[in-house]
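Please look over the chain below before reading on.

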Amino acid sequence: MDDTASLFDRLGSALAVNCCQFACLMPTPPECDCDVVVDNRDWMTRLRAERPDARLREMTLPGSHDSASCTISPFSPFSGVGRCQNLSVYDQLVRGVRYLDLRLGADTGATPPGALDDIYICHGMLKGGPFLDTVNEIHKFIDDNPGEFLVIEMAKESDMLPCHQYLALHHIKETFGDAMITNDDVDEWFKCCHATLSDIESNEKRLLVVVNDKLRSFEHDGTQYDGKKTSEEFACHPNKRFITNRWHDTDDLSTLIEKNVAFKKRNGDCRKLLVSQFVLTPKAPGSLTHALLLLAGQKTLRPASLAQRMYSSGALADCLSGNADGHCWGIVLLDFVDLTPRTMRFLIESNSPRE
């Protein structure tokens, strides 16, 4: 980041603190690390032609953190902290993202049986756009790009009535149907450590959908739903069945790198998909000094600024390329994927055959 950009970033960070982190009051988001916008919408299709035997567990997949948080209004208080992506979900997929992190909430004042329109995207207490819109974007992408495969993780992040949990899962199954990895697929052939791109294509599968404990556990119309029931009825599987994930909860770049390297080494032989979270977390002031640094813009609560500082430092690129220990990074989770096309390109190209 050059001196001028750095100055505006510090001013924006300071202004954001004094204006309740309204995104609309911040200057233009930080610039990306290069001028080239890379279209990666069909990278898995191209990879399958080169490496049909590439196993899902051995691949590196770009992922986006709080993927649909771009739908949070910039006029909402604290939206500057809550928005973790600039691009729509569809555009993230075009850039190469193949793992989506969707957080849901619903209008708990609604009367059962509720409606799909009651369900929305959220990040913590911040309400985003309609769940239906995000699902439609995903559906459009897989229709436009039938050779691609997505991993979608959904979580109940805010309050939802049981009827809304049922509606959300039912809508996913109704929308994507046979394109989803089903319970029968898991029993017969789909294991992350064995399933190849060729296997996925020959079985005409496009999505693996996993959900957290809170979203899959509810009672609806006298039926008790749990991980087994939601797998069988909706093809929405318990996330812990397929994914190993850890949030590192730090705003310090060196600590984040160190913890991700340790996580990868510790889980290198795991048969599940790893989610390596390269996400810096804004921290509320814990001291007067910290508060003053925030007010002055020397520290920041803006995820966009934290992400850009990580990308521009080169530390992330050095970490990803310098820890080739025979194990892949798995799913690499990032904020603001549009700010680092070089990293996206590196992650995708790391799956290609080596000379």
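Phe336 counts as buried because its relative accessibility is 3%, where buried means under 20% relative accessible area, exposed over 50%, and partly exposed in between (1.4 Å probe, protein chains only). Phe336 sits in the loop between β12 (331–334) and α16; helices (H or I, at least four residues) and strands (E, at least two) are DSSP runs numbered from the N terminus. Although Phe336 is not a glycine, its phi is positive, at about 45 degrees.

This is a predicted model, in which local features need pLDDT of at least 70 and side-chain atom pairs count only at pLDDT 80 or more, while totals for chains, interfaces and linings use all residues. Residues are numbered from 1 along each chain as its sequence is written, and side-chain values use heavy atoms, with hydrogens and water left out.

Glu204 is another residue other than glycine with a positive phi, near 55 degrees. Its place is the loop between α8 (197–202) and β6 (207–211). Is Glu204 buried or exposed? With a relative accessible area of 56%, Glu204 is exposed.

The loop between β2 (99–106) and β3 (119–123) holds Asp107 and also Pro113. Pro113 is joined to Pro112 by a cis peptide bond, with omega about 15 degrees. Asp107 is partly exposed, its relative accessible area being 39%. The side chain of Asp107 reaches the backbone nitrogen of Gly109 at 2.9 Å. That pair falls under the polar contacts, defined as pairs of N or O atoms within 3.5 Å; within protein, one atom must be able to donate a hydrogen and the other to accept it, and residues adjacent in sequence count only if both atoms are side-chain atoms. Asp107 and Asp118 are 11 residues apart in sequence, with their C-alpha atoms 5.3 Å apart in space. Once neighbours within four places in sequence are left aside, Asp107 is in contact (heavy atoms within 4.5 Å) with Asp118, Tyr120, Leu161 and His164.

Asn239 belongs to helix α11 (residues 239–242). Asn239 counts as buried, at 11% relative accessibility. Which side chain does the side chain of Asn239 meet in a polar contact? The partner is the side chain of Glu153, at 3.0 Å. Leaving aside neighbours within four places in sequence, the residues in contact with Asn239 are Glu153, Val210, Val211, Asn212 and Arg216.

Leu316, Leu320 and Ser321 of α15 make the contact with Thr343, Phe346 and Leu347 of α16. By class, the contact residues are 4 nonpolar, 2 polar and no charged; Ala, Val, Leu, Ile, Met, Phe, Trp, Tyr, Cys and Pro count as nonpolar, Asp, Glu, Lys and Arg as charged, and the others, Gly among them, as polar.

Over the chain, there are 16 helices and 12 strands. Of the 355 residues, 54% are buried. Among contacts with a separation of 6 or more, 76% are between residues 24 or more positions apart.
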